[in-house]
Amino acid sequence: AYGTVDELSSVLGAAIAAGLDGRLASTLERIQNDLFNLGSDLCILEEDKERMQVPVVEERHVLALETLMDELSAVLPPLDNFILPGGTPGAAHLHVARTVCRRA
């Protein structure tokens with residue numbers, strides 16, 4: 001799982017490098033930091049966490065993602081069919097990120 005979370009962060013980095021809106025890029029960089037923390041949490045054994053300070057994903061992280069999803073969805077027209085992956089290089093990378101995220 002933590003390898004897939006790391007892969008997701010890398011794909012997000014590729015999307016950012018391909019060129020995205022500034023607000024979206026900075027938001028994805030914050031998400032990359034959260035994914036880095038999640039990877040740390042996943043790769044350390046539970047019994048070792050008592051003696052090590054490990055950042056964890058908390059409810060506030062989930063709520064922030066859900067709020068972002070609601071904000072972004074509000075400015076889009078209703079979806080009436082499936083969207084084929086592609087478009088711009090940044091969008092194509094985000095489609096890959098979406099599928100990696102589902103696997104994680």
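Buried denotes a relative accessible area under 20%, exposed over 50%, and partly exposed the range in between (1.4 Å probe, protein chains only). The model is predicted, with local features requiring pLDDT of at least 70 and side-chain atom pairs counted only at pLDDT 80 or more, whereas totals for chains, interfaces and linings use all residues. Residues are numbered from 1 along each chain as its sequence is written, and side-chain values use heavy atoms, with hydrogens and water left out.

**View 1. Salt bridge between Arg23 and Glu71.** A salt bridge is a side-chain nitrogen of Lys or Arg within 4 Å of a carboxyl oxygen of Asp or Glu. In this pair the N to O separation is 2.8 Å. Arg23 is partly exposed at 47% relative accessibility, and Glu71 is partly exposed at 38%.

**View 2. Salt-bridge network of Asp41, Glu46 and Lys49.** Glu46 is exposed, with 57% relative accessibility, whereas Lys49 is buried, with a relative accessible area of 18%.

**View 3. Salt bridge between Arg60 and Glu58.** The two side chains meet at 2.8 Å, N to O. Arg60 counts as exposed because its relative accessibility is 55%; Glu58, at 37%, is partly exposed. A search of the whole structure identifies seven salt bridges, including that of Arg60 and Glu58.
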